[in-house]
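Before reading the notes that follow, please look through the sequence and the 3D structure shown here.

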Amino acid sequence: MESKYKLHLGNTKNVLDSMIEKKEKVDMIFTSPPYYAMRKNYSGNSDGEVGSIHVDEYVDWFLEFTEKFLKVLQPDGSFFLNINDKIDNGVVHPVLDELKYKMRLQGWKLVAKPYIWYKKQSMPTNCKYRAIDRYEYVFHFSPTNKPKFRADNCRVPHSEVTKRRMKKPVPTIGSRDGVYEHATVTLNEKGALPHNVVITAAESNPSVLHPAPFHVELAEWFVKIGSDEGDTILDPFAGSSTTGVASLKHNRKFIGIDLVEFNIKFGEKRIQHLLSTGECYIPKNKLEEYEIDVNYYKVKGRHINNP
């Protein structure tokens, strides 16, 4: 693997300002930013107000970042945003609607319906008024309505039903008013177009020392579909560098930014482990060998917001 990477410890906005000044560009952004406040601290304690952002203020806080993302992203690049709804006082808060609207005013284009990250397993819940939450969104933004999109990288095998059906002429999309035109369709040899539901496990690997990780397979899917080999991928809230692992594994370059020193050090060791072994995860029994503080996020008062 010859792909290069760089991890920045510091305030994301400051690092982005430096990139803008140097006219550095990236081909794709994939990230899951710190989620809203009004939840317990990621360490499991109830002191999460420190460094957190109230959901009512979240959009204006996040727009300061997206304004800079727009300046470092290539004109045909994509910004994939993994984020979820917020239940506030028993109802869904309109924070995502507000975010999409205000990002549009900034110049972003929401080029697709939201992708659904469906998790094969989910956390137990005792909620009396809602079903178990098994999915999150990934929104696809771009400066253009025709961003780089490599569907061939994520095609799936045609189903046997489709193969049988396409042996005969089928109604065309242009059929109108009850008059159906029929045509023979030749299936793409590379497979069917991918759909917008991405199914992976929720991240449960104990060696990923981060309180809110996404699965590496999720990052891989979007890295493959939104970029080419040799492209540069940015994660401005790098966390455990899962995006970096996915990028380097598929021969992309990676830039990660995080405010928490532990995350940067862990990401460095995780990426080095990938480059030396090809493994996306450091085995749990090797964490101490790598001198990684396995109890970091168990200490009261830790938080991972990157203001």
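For the protein chain the mean pLDDT is 85, and 83% of its residues reach 70 or more.

This is a predicted model, in which local features need a pLDDT of at least 70 and side-chain atom pairs count only at pLDDT 80 or more, while totals for chains, interfaces and linings use all residues. Residues are numbered from 1 along each chain as its sequence is written, and side-chain values use heavy atoms, with hydrogens and water left out.

- Two strands pair if DSSP finds at least two bridges between them, and strand S3 (residues 73–83) pairs with S8 in the antiparallel sense over five bridges, with Leu81 standing opposite Phe139 in S8.
- Strand S6 (residues 109–110) runs antiparallel to S8 and is joined to S8 by two bridges, and Leu110 has Phe141 in S8 as its bridge partner.
- Strand S7 (residues 115–119) is likewise paired with S8 in the antiparallel sense, over four bridges, and Tyr118 has Tyr135 in S8 as its bridge partner.

**A nonpolar surface patch**

- Tyr118, which is found in strand S7, is partly exposed with a relative accessible area of 32%.
- Together with Tyr135, Val197 and Ile199, Tyr118 forms a nonpolar patch on the surface with about 320 Å² of accessible area in total, where areas come from the Shrake-Rupley method with a 1.4 Å probe and, for residues, only the protein chains shown count as cover.
- Patches are made of residues with over 30% relative accessible area and no salt bridge, like charges being joined within 9 Å and nonpolar side chains (Val, Leu, Ile, Met, Phe, Trp, Tyr) within 5 Å.

**Salt bridges**

- The structure holds 14 salt bridges, each being a side-chain nitrogen of Lys or Arg within 4 Å of a carboxyl oxygen of Asp or Glu.
- In one of them the side chains of Asp17 and Lys68 meet at 2.7 Å, N to O, and this pair links distant parts of the chain, since Asp17 lies in helix H1 (residues 12–21) and Lys68 in helix H2 (residues 58–72), 51 residues apart.
- Asp17 is partly exposed, with a relative accessible area of 35%, whereas Lys68 counts as buried at 17%.
- Lys119 and Glu136 meet in a salt bridge of 2.6 Å, N to O, and because Lys119 lies in strand S7 and Glu136 in strand S8, the pair ties together parts that are 17 residues apart in sequence.
- Lys119 is buried, with a relative accessible area of 15%, and Glu136 also counts as buried, at 10% relative accessibility.
- Lys148, Arg150, Asp228 and Asp231 are linked in a network of salt bridges.

Definitions and conventions. Buried < 20%, exposed > 50% of the residue type's maximum accessible area, 1.4 Å probe, protein only. pLDDT = per-residue confidence, 0-100.
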